[in-house]
Amino acid sequence: MKRKVQLSRGLFLKGFIGVLILGALLVSFTFSKDEISAENIDQVIKEAHEKFKGIKEGKNADYIPYLAKVDPNLFGIAIITADGHVHLVGDTKYEFGIESISKVMTLALAMQDRGPQVIKDSIGANATGLPFNSITALETLGKEPQNPMVNAGAIATTSIVLPKNNKAEKWKKMHNYFNKFAGREIKVIDELFKSEMETNQRNKSIAILLQSYNRIFDDPMIALELYTKQCSFGVNAMDLAVMAATLANSGVNPMTREKLVEAKDVPEILAVMSTAGLYENTGEWMYTVGLPAKSGVGGGIMAVVPGKMGIAVFAPPLDPAGNSVKAQKAIEFIADKLSLNLFSAKK
Ligand code: DON
């Protein structure tokens with residue numbers, strides 16, 4: 001009898017320890033998953049919004065009159081995961097000028113048309129270390145535009161998209177591609193386009209200079225106009241997050257499931273974002289945040305976390321390099337809280 005009690009006690013003890021180990025394993029599994037759970041993302045973007053909404057640093061772009069008039073207090077954060085979950089806080093439905101962020105989608109289209117080698121040979125993949133609209137870079141760094149993320153490279157990239165010498169057809173194709181990236185029909189903000197066309201003399205000089213170096217591959221004025229038009233697309237933070245999430249999801253839009261970029265081409269796109277996505281400040285950005293990103297003077301920044309998510313933040317006031325102050329701070333905070341830095345081994 002005594003032995004029987006001892007035996008069942010022993011069994012109970014073993015079972016209890018087993019349950020404890022299983023429980024500990026489950027807790028640690030849930031904990032590591034928790035770092036990037038839906039609740040965690042919601043919590044972190046809410047915190048980021050709360051923490052940075054009062055910041056007054058920076059100034060709206062004013063070299064394009066339309067941009068100077070946008071409410072500087074607008075602030076929205078959007079994350080779309082690679083499996084299509086949506087996380088939003090703040091002004092995520094307000095439509096603003098996509099501006100230079102458009103350079104990424106046009107690069108993807110040019111790559112689809114001509115492949116990554118043509119991009120590397122005709123434009124380049126190095127940082128200029130100079131402002132986005134630098135003419136000095138074009139004159140001194142080897143007559144190549146250097147990178148599809150600076151204006152010279154972006155105008156040349158637009159010129160690479162097929163067909164040549166047919167403005168209407170090329171635009172139709174570009175517009176359609178941008179719609180697919182956003183997962184909805186987006187429109188050009190006419191007032192912004194007009195404002196950009198009236199003030200794009202510097203970009204015109206770049207286009208003509210590229211022509212003199214045989215570094216533009218369509219009528220330079222077609223390339224210039226369509227580059228200016230793509231910059232004038234109106235998007236909201238959620239659209240940008242879908243675009244970033246498409247790149248995070250190996251080129252497949254996670255909302256529509258449509259494949260827009262060959263998976264093998266995505267790393268090249270992310271590489272040029274990592275060298276020049278925030279212009280002359282890209283090195284510091286990669287140093288502190290460690291994510292490929294692209295900014296626009298409309299106040300948007302989108303960042304890509306490969307395999308995981310697209311992050312987009314919109315807040316108009318910019319630093320002297322033309323990058324949204326609040327968007328940089330918010331993405332840095334989110335990347336830190338969710339341990340997203342690509343160079344970190346703790347995954
Ligand atoms: O080329 C330009 O001046 C503008 N339309 C776009 C520039 C831009 O967004 C630079 N980004 N931070």
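Reply: Let us begin with packing: two residues count as in contact if their C-beta atoms, placed from the backbone, lie within 7 Å. Helices (H or I, at least four residues) and strands (E, at least two) are DSSP runs that are numbered from the N terminus. The model is a predicted one, in which local features need pLDDT of at least 70 and side-chain atom pairs count only at pLDDT 80 or more, while totals for chains, interfaces and linings use all residues. Residue numbers start from 1 along each chain, as its sequence is written.

Me: Why do residues three or four places apart point the same way?
Reply: An α-helix has 3.6 residues a turn, so residues with that spacing point the same way.

Me: How far does α8 reach from its first C-alpha to its last?
Reply: Helix α8, with 16 residues (167-182), reaches 22 Å, close to the expected 22 Å, and the expected span of a helix is 1.5 Å times one less than its number of residues. After α8 comes Gly 183, whose phi is positive, near 80°.

Me: Now α2, which residues are buried there?
Reply: In α2 (residues 38-52), the buried residues are Ile 41, Val 44, Ile 45, Ala 48, His 49 and Phe 52. These sit on the same side of α2, because their arc around the axis is only 135°. The cover over them includes β1, β2 and α15 (325-337), whereas Glu 39 and Glu 50 are exposed on the face turned away.

Me: You mentioned β1, so how many of its residues are buried?
Reply: Six of the six residues in β1 (residues 76-81) are buried. Gly 76, Ala 78 and Ile 80 point one way from β1, and Ile 77, Ile 79 and Thr 81 point the other way. In a regular strand the side chains alternate between the two faces of the sheet.

Me: In which sense do β1 and β2 pair?
Reply: Two strands pair if DSSP finds at least two bridges between them, and β1 pairs with β2 (residues 86-90) in the antiparallel sense over five bridges. Ala 78 stands opposite Leu 88 in β2. The two strands form a hairpin with four residues between them, and Gly 84 in its turn has a positive phi of about 90°. β1 also pairs with β8 (residues 309-314), antiparallel and over six bridges.

Me: What is the bridge partner of Ile 79 in β8?
Reply: The partner of Ile 79 is Ile 311, and Ile 311 is also the bridge partner of Ala 303. β7 and β8 run antiparallel, joined by six bridges, and they form a hairpin with three residues between them.

Me: Switching topic, which residues are around the ligand?
Reply: Among them are Glu 99, Phe 132, Asn 151, Glu 196, Cys 231 and Gly 322, where a residue is near a molecule or strand if its C-beta atom, placed from the backbone, lies within 6 Å of it. The shell divides into three nonpolar, seven polar and two charged residues. Here Ala, Val, Leu, Ile, Met, Phe, Trp, Tyr, Cys and Pro count as nonpolar, Asp, Glu, Lys and Arg as charged, and the others, Gly among them, as polar.

Methods
A residue is buried if 20 or more other C-beta atoms lie within 10 Å of its own, exposed if 12 or fewer, and partly exposed in between; C-beta atoms are placed from the backbone. The arc is that of the directions from the helix axis to the C-beta atoms.
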